[in-house]
Amino acid sequence: MLEKCHSCGAETPPSPTGVTHAYLDASPGCWARYGEVLAREYANAQYFAVHSITVDAYSVQHPGHPTPQEINSLNLHLASLYAHYQKSGRAT
Ligand SMILES: [Zn+2]
């Protein structure tokens, strides 16, 4: 049985631990899959080349409650994504 992440809509197997991030609003299953992606990036230099995009995109897809910390974090991740795509010529 899959559970749906209330932030991004991904359907994932339930996490056996139920652990999620302190202020990103992800389901435990989605958070666990994200951890698996990060583990692959840390283990493979080719995957690690896009690590910052992974972190920024996941963070933007899982905004938490609008606290000053979360708003600042979201702004930084959005600016980082914009800078990446601006640099690559894909932003307009
Ligand atoms: Zn999610």
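## Contacts along the chain

Let's start with how the chain folds back on itself. Among contacts between residues at least 6 apart in sequence, 33% join residues at least 24 apart. Keep in mind that this is a predicted model.

## Overall layout

The chain has four helices and two strands. Reading from the N terminus, the elements follow the order β-β-α-α-α-α. Along the principal axes, the C-alpha atoms fill a box of roughly 40 × 35 × 20 Å.

Of the 92 residues, 25% count as buried. The accessible surface of the chain is about 6,200 Å², and 60% of that surface belongs to carbon and sulfur atoms.

## Two helices side by side

Now look at helix α1 (residues 28-43) and helix α3 (residues 51-61), which pack at an angle of about 170 degrees, with their axes 10 Å apart. Angles over 145 degrees count as roughly antiparallel, and α1 and α3 are therefore roughly antiparallel to each other.

On the α1 side, the residues in this contact are C30, W31, Y34, V37, L38, E41 and Y42, and they meet H51, T54, V55 and Y58 of α3. By class, the contact has eight nonpolar, two polar and one charged residues.

## The nonpolar core

The largest nonpolar core has seven residues: C5, L24, A26, C30, Y34, L38 and Y58. Helix α1 gives the most to this core, with three residues. In soluble globular proteins, nonpolar side chains tend to be buried together.

Leaving aside residues up to four places away in sequence, Y58 touches L24, A26, C30, W31 and Y34.

Terms used
Residues numbered from 1 in each chain as written. Predicted model: local features only at pLDDT ≥ 70, side-chain atom pairs only at ≥ 80, totals over all residues. Heavy atoms only, no water. Axes fitted to C-alpha atoms, helices over the stretch in contact; angles between N-to-C directions. Parallel < 35°, antiparallel > 145°, perpendicular 65-115°, else oblique. Contact = heavy atoms within 4.5 Å. Nonpolar A, V, L, I, M, F, W, Y, C, P; charged D, E, K, R; others polar. Core = buried A, V, L, I, M, F, W, Y, C linked by side-chain atoms within 4.5 Å. Buried < 20%, exposed > 50% of the residue type's maximum accessible area, 1.4 Å probe, protein only. Areas by Shrake-Rupley, 256 points an atom, 1.4 Å probe, with all protein chains shown as cover.
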